[in-house]
Amino acid sequence: MKIALIASAALLALAAPAIAGDAAKGEDLFKKCKSCHMIVAPDGTEIQKGGKTGPNLYGVVGHTAGKVDGFKYSKALAAADFVWDEAKIAEFVVDPKAFLGDKSKMTFKLKKGGEDVAAYLASVGPKSE
């Protein structure tokens, strides 16, 4: 019985998200992203005013990379075949060029707090039911 409980606990730990960011800290860190990115809901609600150099980041967590209509992505990101999750966002913001094999148009690097920004972006997207 003890072994079954330990095994169950281990499986639950493995199923948990790999990162745990702080959305409140991420909201503050997002100020560094606003020169290029905005967060605007589909109904036009501005969650974060920002630039249009980068794509709107509303609902980015759970969406396929490089596929926001109306935005011209780098060839590498447009050809990417993955879905953004918090772990990928946290990794990407540290060094976008390294993440995409030196093919990113994004030059900004967020050395610390990527997990927090990812948690914030997850918190401002559509709520799943």
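User: How many residues does the largest nonpolar core have?
Analyst: This is a predicted model, where local features need pLDDT of at least 70, side-chain atom pairs count only at pLDDT 80 or more, and totals for chains, interfaces and linings use all residues. Residues are numbered from 1 along each chain as its sequence is written, and side-chain values use heavy atoms, leaving out hydrogens and water. F30, I39, L77, W84, I89 and L121 have the most contacts inside the largest nonpolar core, a set of buried Ala, Val, Leu, Ile, Met, Phe, Trp, Tyr and Cys residues joined through side-chain atoms within 4.5 Å. The core's total is 22 residues.

User: Which element gives the largest share of this core?
Analyst: Two elements give two or more residues to it: α4 (86-94) and α6 (114-123). Helices here are DSSP runs (H or I, at least four residues), as are strands (E, at least two), numbered from the N terminus. The largest share, four residues, comes from α6.

User: Is M38 buried or exposed?
Analyst: You will find M38 in the loop between α2 (23-29) and β1 (39-40). Its relative accessible area is 15%. The cut-offs are under 20% for buried, over 50% for exposed and partly exposed in between, with a 1.4 Å probe and protein chains only. So M38 is buried.

User: What distance separates the C-alpha atoms of M38 and P55?
Analyst: Leaving aside residues up to four places away in sequence, M38 touches Q48, K49, G50, G51, K52, P55, N56 and L57; contact means heavy atoms within 4.5 Å. M38 and P55 are 17 residues apart along the chain, and their C-alpha atoms are separated by 7.3 Å.
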